[in-house]
Amino acid sequence: MKKRPVDLVVISDVHLGTYGCHAKELLGYLNSIKPKKLILNGDIIDIWQFRKRYFPKSHLKVIKKIITLASKGTEVIYITGNHDEMLRKFSDTEMGNFKLLDKLVIELDGKKAWFFHGDIFDASIQNAKWLAKLGGWGYDMLILLNQLINWLLVKLGREKFSLSKKIKNSVKKATKYINDFEGVAAQLAIQNKYQYVICGHIHQPQIRQFTDKNGSCFYLNSGDWIENLTSLEYHNQQWQLMHYEHIPLDSQTETEEESENININTEALITNITALGEF
């Protein structure tokens, strides 16, 4: 299957190294596209919850694929999030087509776009990091429980459903938090004369226009690869929210192996990620 050319792709909240990560699906998506620029908008490797005993081959293949894309000419920009905040001490590092940043501002067809993960708006992370980490562990366990429930539902011929989405939608505070997050990001973007603000963090895929007395901007969120399996694509001067289940893939694309012989020392990688988590 011919790869789809895309000017810019944004993914976030992959959480490699956790039970809920859909690495195989992400690999299938990455194998189906040929992006000029790939922006990884935070929480790609979950250093907070990293476990030596759990880093499947599919997770490693995602890292290998990203390296392969960079080696083939794709500009890869890794923006740090809260679950990979340990990488922030290496911010502004640049190696070939790979850059590590905390935020990014670029121009897209004459319009300014502001990229950042979004955890700076989260008071629980700034003021009680241990509580945020505990919440992350609980979310991971909820996803694991949800996978078991959905397995049983499929066996019974029933439709799958998301526990966390149901909880979020039923809790008014959670809905208010999402709305507040989007509103604050948009207001800051308008104040700074940005036409686009692109975030991750809240796992809520969105493309939405905000307008106030000072102007307007588009707020975009790339969602996640835990529940929604979504990305953002910018091509031919247009943004599009991509859902994995609606992307045309065939079995050959999903299982494609790269021709380049890029070797990753798995043991060394796991040791280094563990060291970052303990830092």
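Among contacts (heavy atoms within 4.5 Å) with a separation of 6 or more in the protein, 71% are between residues 24 or more positions apart. The structure is a predicted model, in which local features need pLDDT of at least 70, side-chain atom pairs count only at pLDDT 80 or more, and totals for chains, interfaces and linings use all residues. Residues are numbered from 1 along each chain as its sequence is written, and side-chain values use heavy atoms, with hydrogens and water left out.

**Overall**
- The protein has eight helices and twelve strands; these are DSSP runs numbered from the N terminus, helices being H or I of at least four residues and strands E of at least two.
- Of the 279 residues, 50% are buried, where buried means under 20% relative accessible area, exposed over 50% and partly exposed in between, with a 1.4 Å probe and protein chains only.

**Nonpolar cores**
- A nonpolar core is a set of buried Ala, Val, Leu, Ile, Met, Phe, Trp, Tyr and Cys residues joined through side-chain atoms within 4.5 Å.
- The largest one has 37 residues, and Ile11, Leu16 and Tyr29 have the most contacts inside it.
- Two or more residues each come from strand S1 (4-11), helix H1 (23-31), strand S2 (33-41), helix H2 (57-71) and strand S3 (75-79).
- H2 gives the largest share of this core, six residues.
- A second, separate core has 17 residues, including Val10, Ile39, Ala113 and Leu232.

**Helix H1 and Tyr29**
- Seven of the nine H1 residues are buried, so the helix is largely enclosed by the rest of the structure.
- Those buried are Ala23, Leu26, Leu27, Gly28, Tyr29, Leu30 and Asn31.
- Leaving aside residues up to four places away in sequence, Tyr29 touches Arg4, Val9, Ile11, Trp225, Ser231, Glu233, Tyr244, Ile247 and Leu249.

**Cysteines**
- The whole structure contains zero disulfides, a disulfide being a pair of cysteine sulfur atoms within 2.5 Å.
- The closest cysteine sulfur to that of Cys199 is in Cys217, at 9.7 Å, too far for a bond.
- Cys199 is buried at 0% relative accessibility, and Cys21 is buried at 8%.

**Aromatic pairs**
- Rings of Phe, Tyr and Trp (its six-membered ring) pair if their centres lie within 6.5 Å; planes under 30 degrees apart count as stacked, over 60 as edge-to-face and the rest as tilted.
- By this rule there are nine aromatic pairs.
- Tyr19 and Tyr54 have ring centres 4.3 Å apart and planes at 50°, so they are tilted.
- Tyr19 lies in the loop between S1 and H1 and Tyr54 in the loop between S2 and H2, 35 residues apart.
- Tyr196, Phe218, Tyr234 and Trp239 form one aromatic cluster.
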